[in-house]
Amino acid sequence: MPKPRILVDADACPVKDEIYKVAWRRAVAVTIVANSLIRIPDHPLIAREIVSDGFDAADDWIAERAGPKTVVITADILLADRCLKAGAVVLSPAGKPFTTSSIGAAIATRAIMADLRAGGDQIGGPAPFGKQDRSRFLSALDEALVRLARA
C-alpha cells in the first residue's frame, strides 16, 4: 500500500516551513515543485522538482502525480480541481480544504473575478496571510495526513 505524500505548488507558497515540520513529524515525503530554484532543507523526506517555466508546467507535473494517497498544497483553483478529480486531498496554504462539493463555486467565483478585472474594475486581492491562516493550515495538514494514513 502506498504511503501518503505531499506535493507542493511552491512558487508562492507561504507555508513551506510548516509543511516540513508536519512531514518530519509524520514521516511523510514532500516534493516541492517550482519552475525556479527554491531552497529546501537537506533531509531525505524533502525533494525538489524544478520544471520548465512553460505555462502550467508545475501544475501539470503535480496533477499527473496526484492520487488518493496525496495531499496537494496549492492556492490555484484550477490545479485543485484537477487534483481532486485524481482523488487527492487538496489544501490551500490558508488551511481551507478544496472539496468536490466546493470546487465548482470556487471556479465560478474565479471566473467572475477575472471578468471584472478584465473590465477594468478595481478589485482587492485576498486578505493578508496571518497567524490564524498558518495555524489553520498546520491543523488541516496534520488531520489530512492522519486520515490518509488510516485509509
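Tutor: Helices are DSSP runs of H or I with at least four residues, strands are runs of E with at least two, and both are numbered from the N terminus. This is a predicted model, in which local features need pLDDT of at least 70 and side-chain atom pairs count only at pLDDT 80 or more, while totals for chains, interfaces and linings use all residues. Residues are numbered from 1 along each chain as its sequence is written, and side-chain values use heavy atoms, with hydrogens and water left out.

Student: How many helices and strands does the protein chain have?

Tutor: The protein chain has five helices and six strands. Read from the N terminus, their order is β-α-β-β-α-β-α-β-β-α-α.

Student: What makes strand 3 and strand 6 the edge strands?

Tutor: The six strands form an open sheet with mixed pairing, in the order 3-2-1-4-5-6. Strand 3 (46-50) and strand 6 (97-98) each pair on one side only. Pairing here requires at least two DSSP bridges between two strands.

Student: Which strand is joined to strand 4 by three bridges?

Tutor: That is strand 5 (residues 89-91), which runs parallel to strand 4. One of the pairs is Val72 with its partner Val90 in strand 5.

Student: Which way do the residues of strand 4 point?

Tutor: Thr70 and Val72 point one way, whereas Val71 and Ile73 point the other. In a regular strand, side chains alternate between the two faces of the sheet. All four of these residues, Thr70, Val71, Val72 and Ile73, are buried.

Student: Why is Phe98 called buried?

Tutor: Buried means under 20% relative accessible area, exposed means over 50%, and partly exposed lies in between (1.4 Å probe, protein chains only). Phe98 has 14%, so Phe98 counts as buried. Phe98 is in strand 6, and its C-alpha atom is 9.6 Å from that of Thr74, 24 residues apart along the chain. In the protein chain as a whole, 40% of the 151 residues are buried.

Student: Why is Ala27 called partly exposed?

Tutor: Its relative accessible area is 47%, and Ala27 is therefore partly exposed. Ala27 lies in the loop between helix 1 and strand 2.

Student: What is the phi of Ala27?

Tutor: Its phi is positive, about 55°, although Ala27 is not a glycine. Most residues other than glycine have a negative phi.

Student: What covers the buried residues of helix 1?

Tutor: The cover includes strand 1, strand 2, strand 3, strand 4 and helix 5. The buried residues in helix 1 are Lys16, Glu18, Ile19, Tyr20, Val22 and Ala23.

Student: Why are helix 1 and helix 5 called roughly parallel?

Tutor: The axes of helix 1 and helix 5 (residues 131-150) come within 10 Å and cross at roughly 30°. Angles run from 0 to 180 degrees between N-to-C directions, with axes fitted to C-alpha atoms, for helices over the stretch in contact. Under 35 degrees counts as roughly parallel, over 145 as roughly antiparallel, 65 to 115 as roughly perpendicular and the rest as oblique. That makes helix 1 roughly parallel to helix 5.

Student: Which residues make the contact of helix 1 with helix 5?

Tutor: Contact means heavy atoms within 4.5 Å. Helix 1 contributes Glu18, Ile19, Val22, Arg25 and Arg26, and helix 5 contributes Arg134, Phe137, Leu138, Leu141, Asp142, Leu145 and Val146. By class there are seven nonpolar, no polar and five charged residues. Nonpolar covers Ala, Val, Leu, Ile, Met, Phe, Trp, Tyr, Cys and Pro, charged covers Asp, Glu, Lys and Arg, and polar covers the others, Gly among them.

Student: At what angle do the axes of helix 2 and helix 3 cross?

Tutor: Helix 2 (residues 57-65) and helix 3 (residues 77-85) cross at roughly 15°, with axes that come within 8 Å. Helix 2 is therefore roughly parallel to helix 3. The contact joins Asp59, Asp60, Ile62 and Ala63 of helix 2 to Leu79, Arg82 and Cys83 of helix 3. Four of these residues are nonpolar, none polar and three charged.
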